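Please read it with the structure open.

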Amino acid sequence: MPMTITEKILAGHAGLDSVRPGDLIQVDVDLALANDITAPLAIEVFRDLGTEVVFDREKIAMVQDHFVPNKDIQSAQQVKMMREFCREQKISHFFELGETGIEHVILPERGLVLPGDVVIGADSHTCTYGALGAFSTGVGSTDLGVILATGRIWLKVPESIKLIYDGKLPRWVGGKDLILHALGVLGVAGAVYFSLEFTGEGVGQLSMTHRLTMANMAVEAGAKNGIFAADEVTRKYMSDRSDRAGSFIQSDPGAEYAREIRVPLDSMELQVAVPHSPDNVRPVSEIGPVKLDQVFLGSCTNGRLDDLREAAGLLKGRKVAGETRFIVIPGSPAIYREALKEGIIETFLEAGAVIGPPCCGPCLGGHMGILAAGETALSTSNRNFVSRMGHPDSKVYLAGPAVAAASAIAGEIISPAEIA
Amino acid sequence: MKVQGKAWKVGDNVDTDVIIPARFLNVSDKDEMGRNCFADLRPDFVRKVHPGDILVAGENFGCGSSREHAPWALKRAGIGAVVAKSFARLFYRNAFNIGLPIVESHEASEQIEEGDRVSLDFAIGEIVNQSSGKRFTARAVPAFMRAVIEAGGLVEYVKKNPGAGFKEQRHTVD
């Protein structure tokens, strides 16, 4: 029976020859992940179950990223609990400050996720690893606590929606524009419980950075996971990151999809999500003058080296607008160091930006750039619901790094084409 | 499991940042989460809600983050059950896992107003608007998941049924 990639990976990890959408199956987990907000509750569940040893200390990653460097006493207590648990259980993939970064940036970077893996994380953006051809999805802390004890999880096999990209990517258009466009088409509930499969000959020209951005926001359409078939781009990305090979899985011809959406790339414009929903998407050309108090470049969506490079390319020799704050947060220490070497950090600082330590920062209204009443920000992150980045009376627009950089210079939302 | 209380109404796409804003996420004390439920949307909610009250929502309730803090905040604030037209996937899973009864019914969501007295019999999926006399049947929930709610959540279910659910590789939805 023909199956989609998602169905194949799930079947393989459930010890089954095949699965159909709707089946409730029990799946073995290759990597279980939690962060400083979700780990404490998960650890409590693990203790409550009475299990003494985690299922496999090499298959767990605990990443401090949301409220670090410790935002306040309570956050410090949460991280301390994670740290002590990892020490007690001898969990290898615990990252101390100085090594830690945004979870969905450092795990692919370190080769901890392979094509064909099942990754379950207590964070909604765990869907990011679908970019590598893995099945990955977010769950809550209770599910994660049970996984820590057993290494397994119950999942319902999702139906799939296929997005087919044809043509050539125009200048400046990147993964963020493509996923925002898809959200505009699907809506925040358009893919609830579905798997979003990104396909088409256009996909071959998408870098791993673009793919990570796209898979990252699959959850904003309500999807269970987003996924790209692993290909040559994947092979190159993985080549110097892991000794393990992974499984390069393709959907079968004849596999069934609930919906197919063709997306011509040639005419794709740069996209912006306007307040207060990630599916409230318009081409940047349709955004009237919107003055910006703050621009944020970073997050698990667009905090990678390519994103910083693209923004730096626009900012070189230019200044951030006088009344606009520009905050840049590299997604990992490795990205930060590389950006330093390439002169990217110098470019940002010269332009008037503030550079933060690798963490989630203001994305979820944590710290490092919260908005006051009446303020408006443009962010390369993934959600812009009311009070996402601060006061309920603040507004957040979402866009990619090129629009972010150009808008930081202009002090209002513009296309990079207007200045470069 | 039966729940009865006053109805509280919210609209479509009520997301996790609304249910519990991020500034309250650095705690693991669930009662503390309850005290900050709907802190920005309806600051009077936590003072006025009574144990057993029922939240009635539109489409895609609980969209956004995977944070379990969202269903915990509702449960510890006193909400006995959530009736919605539809739920976001992560919230749906988390609610069952922590033993917060949730059911889907378009008609119930449309025909219950804020302040109505409502009862829910979770085992049979029956919702009654006692103020109007109307009855509704919620979308069926798989037996395995009903058992999780009846046990009080996933942890309690796993403790009562060691290995249960983890013996079989596949269940079909009944």
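In this predicted model, buried residues make up 62% of the 420 residues in chain A. The chain contains 13 helices and 18 strands, and it is divided into domain 1 (5-263) and domain 2 (272-418).

**Overall build of chain A**
- A compact globule of 420 residues would have a radius of gyration near 22 Å, and because chain A has 20 Å, its value agrees with that expectation.
- The C-alpha trace of chain A spans about 60 × 50 × 40 Å along its principal axes.
- Among the contacts in chain A with a separation of 6 or more, 77% are accounted for by residues 24 or more positions apart.

**Contact between the domains of chain A**
- The C-alpha centres of domain 1 and domain 2 of chain A lie 24 Å apart, and 34 residues of domain 1 are in contact with 33 residues of domain 2.
- On the side of domain 1 of chain A that touches domain 2, the elements giving two or more residues are helix 4 (103-109), helix 6 (175-186) and helix 7 (208-216) of chain A, and helix 6 of chain A gives the most, with 6 residues.
- The residues on that side of domain 1 of chain A divide into 12 nonpolar, 15 polar and 7 charged.

**Contact between chain A and chain B**
- The contact between the chains takes 51 residues from chain A and 40 residues from chain B.
- On the side of chain B that touches chain A, at least two residues each are supplied by helix 1 (16-19), helix 5 (89-98), helix 8 (154-160) and strand 8 (170-171) of chain B, with helix 5 of chain B giving the most, at 6 residues.
- By residue class, the side of chain B that touches chain A divides into 14 nonpolar, 15 polar and 11 charged residues.

**Helix 4 of chain B**
- Helix 4 (residues 69-77) of chain B is largely enclosed by the rest of the structure, because 9 of its 9 residues are buried.
- The buried residues of helix 4 of chain B include the charged-class members Lys75(B) and Arg76(B), as well as His69(B), Pro71(B), Trp72(B) and Leu74(B).
- The cover over the buried residues of helix 4 of chain B includes helix 1, helix 2 (30-35), helix 3 (45-48) and helix 5 of chain B, together with strand 2 (54-57) and strand 3 (81-84) of chain B.
- Gly78(B) follows helix 4 of chain B and has a positive phi, near 125°.

Technical notes
Residues numbered from 1 in each chain as written. Chains lettered and ligands numbered in written order. Predicted model: local features only at pLDDT ≥ 70, side-chain atom pairs only at ≥ 80, totals over all residues. Helix = DSSP H or I, 4+ residues; strand = E, 2+ residues; numbered from the N terminus. Rg over C-alpha atoms; globule rule 2.2 N^0.38 Å. Buried ≥ 20, exposed ≤ 12 C-beta atoms within 10 Å, placed from the backbone. Contact = placed C-beta atoms within 7 Å. Domains from an automatic or database assignment.
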